[in-house]
Amino acid sequence: MPVTWLTLAVGCVKLNSDATICSRKALGDGVLCNATEELIFIYYKQFGELSVLMAQGKSLLYDLKLCTQLGYLEMEVEVDSWPLVHLIKMLAPSVWPFRNL
């Protein structure tokens, strides 16, 4: 499926976070770009043995911490995990062990 970059307003930034499991190891990555698609940062990190959902959650948390350390407190965030988005948005307590993350 073709994917295109949706133009952001001037001054906005977009964070794209993802994770995967390879040989039982969780791998996370993230990209932060500005409205003109200039790269602000990119990272890759290994998280050890985790479920896919936990890996996606840890990757997003790591991304958000990097953003705040760099002074980016407002951004558009994109992930490709509906379960992760659902857990973040729901008001009810999440399932343990995701609750701690």
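Q: Why is Tyr62 called partly exposed?
A: Partly exposed lies between buried, under 20% relative accessible area, and exposed, over 50% (1.4 Å probe, protein chains only). Tyr62 has a relative accessible area of 30%, so the residue is partly exposed. This is a predicted model, in which local features need pLDDT of at least 70 and side-chain atom pairs count only at pLDDT 80 or more, while totals for chains, interfaces and linings use all residues. Residues are numbered from 1 along each chain as its sequence is written, and side-chain values use heavy atoms, without hydrogens and water.

Q: What makes the pair of Phe47 and Tyr62 edge-to-face?
A: Rings of Phe, Tyr and Trp (its six-membered ring) pair if their centres lie within 6.5 Å; planes under 30 degrees apart are stacked, over 60 edge-to-face and the rest tilted. The ring centres of Phe47 and Tyr62 are 6.3 Å apart and the planes stand at 80°, so the pair is edge-to-face.

Q: Why is Phe47 called buried?
A: The relative accessible area of Phe47 is 18%, so Phe47 is buried.

Q: How many aromatic pairs does the structure hold?
A: There are two aromatic pairs. In one of them, Tyr43 and Tyr62 have ring centres 4.7 Å apart and planes at 45°, so this pair is tilted.

Q: Which residues form one aromatic cluster?
A: The cluster consists of Tyr43, Phe47 and Tyr62.
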